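Visitor: I'm new to this one. Could you walk me through how to read it, feature by feature?

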Amino acid sequence: MQIEPLKSWMPQAGKPFVVAGPCSAESEEQVLQTARALKATGLVHLFRAGVWKPRTRPNSFEGVGELALPWLQTVKKEVGMLTATEVASAKHVELCLKHGVDVLWIGARSTVNPFTVQEIADALSGVDIPVMVKNPINADLQLWIGALERLNQKGIKKLVAIHRGFSVAEKLTFRNSPLWRIPMELKVKYPDLPLICDPSHITGDRELVESVCQKAMDLDMDGLIIETHPHPEKAWSDASQQVTPEKLVQILKALDIKSEFSPNQNFDSHLEEFRRQIDRLDNELLHILSLRSSVVEKIAHTKVENSVTALQRHRFDQLMKERLDAGKELKLDTAYVKEIFDAIHEQSIKEQTDYFNKLKK
Ligand code: PEP
Ligand code: MN
């Protein structure tokens, strides 16, 4: 992908690049009041407001639609802020371009659908406008990349990826599970692609927004998109996750912004020493895993001789329980230990069934 750096088209953006504004544009007054308050902070680079709202159930507020586009024009002209909104069809694109919206974004529910993304990309062919692409609802990195590529192939080079979390079966603390590994993988694959975090849709809870902002900064993300409303509890959509402009300032000022490198030589040599320790430990881990595999092969052999299945449920339950207890003793995170032993056990079963199949041939 050919990507133009954020700095070249949003020179005022600092670190973090901040996008803020209400989930939905509700009235001209609400839009202008929010935009004025955000402009006054001096910390926000782009004003967001949803005009067409994808809602899970019908008969809830689906955005005021086209009517809100002139309000965004007023934000631009009278408040002096660049504006952004979500587009989900060629018609939306056409209307946004007609009303001079500065930046478009594709929502999570559209990113999942290649037909929709292609329709939007076709409508943008030959248009020089920045587009931000939210991750798809489901945890599929390829789908996210595919959407970015469809736009890029139509000449959109001012791209931004927005990490807004994923819908997963078990909802724990967050509305949308962040699965940080996925945006990190995107960052490694496309280091030039600006990547920003949407703590509002990840958390679904304004009380948790601040900690997710810090986490995104600690992962070296480039910016944040934060839903901001003058009276969040009265918002027509996503009332529980929006923050006031005052709270936004507080959150942004409290951020501890680190950088990827340090000019301090001592720091580098310290880090090098720790990294050597980590390298040694990782090598030991690999050796242990290899030893484990050779024992698994012996188990497989014994099982074949006695006609016993590779998976023995009671053994797995007992093994997992023991490992989780041992992990707790060692103060390791339980979810982490579970994930590791799920993977180790899955591999062990695979090695055993492969062994059974090899003997059969
Ligand atoms: C939004 O930004 O208001 C929105 C609808 O987000 P998402 O597409 O991430 O659900
Ligand atoms: Mn929202």
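Visitor: Is L179 buried or exposed, or something in between?
Guide: Burial is judged by relative accessible area: under 20% is buried, over 50% is exposed, and partly exposed is in between (1.4 Å probe, protein chains only). L179 has a relative accessible area of 31%, so L179 is partly exposed. L179 sits in the loop between β6 (159-163) and α8 (181-189). Helices (H or I, at least four residues) and strands (E, at least two) are DSSP runs, numbered from the N terminus.

Visitor: What should I know before going on?
Guide: This is a predicted model, where local features need pLDDT of at least 70, side-chain atom pairs count only at pLDDT 80 or more, and totals for chains, interfaces and linings use all residues. Residues are numbered from 1 along each chain as its sequence is written, chains are lettered from A and ligands numbered from 1 in the order in which they are written, and side-chain values use heavy atoms, with hydrogens and water left out.

Visitor: Which backbone angle stands out at L179?
Guide: Most residues other than glycine have a negative phi, and most peptide bonds are trans. L179 is not a glycine, yet its phi is positive, at about 35°. D238, also not a glycine, has a positive phi near 50°. D238 belongs to the loop between β8 and α11, and with 16% relative accessibility D238 counts as buried.

Visitor: And where is there a cis peptide bond?
Guide: Look at the bond joining K15 and P16, where omega is about 0°. P16 is in the loop between α1 (6-9) and β1 (17-21).

Visitor: How do I read a nonpolar core?
Guide: In soluble globular proteins, nonpolar side chains tend to be buried together. A core here is a set of buried Ala, Val, Leu, Ile, Met, Phe, Trp, Tyr and Cys residues joined through side-chain atoms within 4.5 Å. The largest one has 66 residues, and F47, L124, V131, W144, L151, L186 and L224 touch the most other members. Helix α7 (residues 141-153) is the top contributor to this core, giving six residues. There is also a second, separate core of 15 residues, with L6, M10, L46 and V103 among them.

Visitor: What does L124 touch?
Guide: Contact means heavy atoms within 4.5 Å. Setting aside neighbours within four places in sequence, L124 is in contact with V93, L97, L104, I129, V131, L151, K154 and I156.

Visitor: How many residues surround ligand 1?
Guide: A residue is near a molecule if one of its heavy atoms lies within 4 Å of it. By that rule 13 residues surround ligand 1, and R48, K53, A108, K134 and R164 are the closest. The shell has seven charged, four nonpolar and two polar residues. For those classes, Ala, Val, Leu, Ile, Met, Phe, Trp, Tyr, Cys and Pro count as nonpolar, Asp, Glu, Lys and Arg as charged, and the others, Gly among them, as polar.

Visitor: Which atoms lie beside the ligand's oxygens?
Guide: A polar side-chain atom of R164 is 2.6 Å from an oxygen atom of ligand 1, and one of R48 is 2.8 Å from an oxygen atom of the ligand. From A108, a backbone N or O atom lies 2.9 Å from a ligand oxygen atom. The protein covers 97% of the 300 Å² of accessible area that ligand 1 has on its own; such areas come from the Shrake-Rupley method with a 1.4 Å probe, and for residues only the protein chains shown count as cover.

Visitor: What are the polar partners of the Q241 side chain?
Guide: A polar contact is a pair of N or O atoms within 3.5 Å; within protein, one must be able to donate a hydrogen and the other to accept it, and residues adjacent in sequence count only if both atoms are side-chain atoms. The Q241 side chain makes such a contact with the side chain of R175 at 2.7 Å, and with that of H201 at 3.3 Å. Q241 is in the loop between β8 (223-227) and α11 (245-254), and at 1% relative accessibility Q241 is buried.

Visitor: How about the chain overall?
Guide: The chain has 14 helices and eight strands, and 45% of its 361 residues are buried.
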